[in-house]
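Visitor: I am new to this structure. Could you show it to me, please?

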Amino acid sequence: MPFREGESGSAPTLIQSVRRAVRLLDELERRGGTGSAKQLARESLLPLPTAYHLLRTLVHEGLVRNDNGVYRLVSPLRRDTASAGHEPALRIQAWVDTLSLDLDAAVYFVQYRDGEVELGAVSDNPARPPVQEWADFRATAHAHAAGQSLLLQLEPEQRVEHLRRHPVAELTVHTVATRRDFERRLAALPRRLPVLEHQEYAVGTACAAVPITVGAETAAVALSIPAAEGARLRELADRLQRRAEQVLISQAFAVAAHSHEP
């Protein structure tokens, strides 16, 4: 059942502001990393005052640099550690561990890299163990919330190629069994909102995932709980999205950071 914005009391002002900031980051990435406020506002379809306000926030958070009116994307997308008064970027493993405790759920960070689903981090919380990978996680993206969130973010031709290499298959009685039905389901899901999944990958488990997309990076953060607690899933998905969007701005972690950590 798809999650709909506003159904569980989400904070629209924060979410809208973060999405607009992401649009500016996406546009900077598309332009090769530089652009003026007027160019970015025009291409992102934002009012100029709104663009200025968001760009000031992004500069303050170390994601963007202002060189005499030319805004430059800090590369890689992580906090500029030379900026005074800022803490280092939040490590992904520490972040998923914190989320797991806060949400009382197992938490996962996933990316789509080189045509495959990649599990980047899994929370370490004995009270909420992760789902056991009984079927290849990379080959069953259609059946779990994390994979569905990633596939939603892909361009149509990328998704077609992925499903050609990893055909839709019925893993449980709850899994969408055919590619045609799966594609119809994806078409009905909003790209930027959480995906909910009940026992499609593993019987007895319910999952939710939210997208994290900046520039060319495609990632998601997901959670799982016992299916018997499924009544919590929608509220947890809402909280997960708020936390992901807050971190994107206030903590400014890089979605590729885990592959560069010592």
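Visitor: Which residues are exposed on the other side of α3?

Guide: They are Pro49, Arg56 and His60; exposed means over 50% relative accessible area, buried under 20%, and partly exposed in between, with a 1.4 Å probe and protein chains only. This is a predicted model, in which local features need pLDDT of at least 70, side-chain atom pairs count only at pLDDT 80 or more, and totals for chains, interfaces and linings use all residues. Residues are numbered from 1 along each chain as its sequence is written, and side-chain values use heavy atoms, leaving out hydrogens and water.

Visitor: And which residues of α3 are buried?

Guide: Ala51, Leu54, Leu55 and Leu58 are the buried residues of α3. Viewed down the axis of α3, they fall within an arc of 105°, so they line one face of the helix. The arc is taken from the directions from the helix axis to the C-beta atoms.

Visitor: What comes just after α3?

Guide: Gly62, which takes a positive phi of about 85°.

Visitor: Changing topic, where is Val70 found?

Guide: Val70 belongs to strand β3, residues 70-73; strands (E, at least two residues) and helices (H or I, at least four) are DSSP runs numbered from the N terminus.

Visitor: Which residues does Val70 touch?

Guide: Leaving aside residues up to four places away in sequence, Val70 touches Thr34, Gly35 and Arg65, where contact means heavy atoms within 4.5 Å. The C-alpha atoms of Val70 and Gly35 are separated by 5.7 Å.
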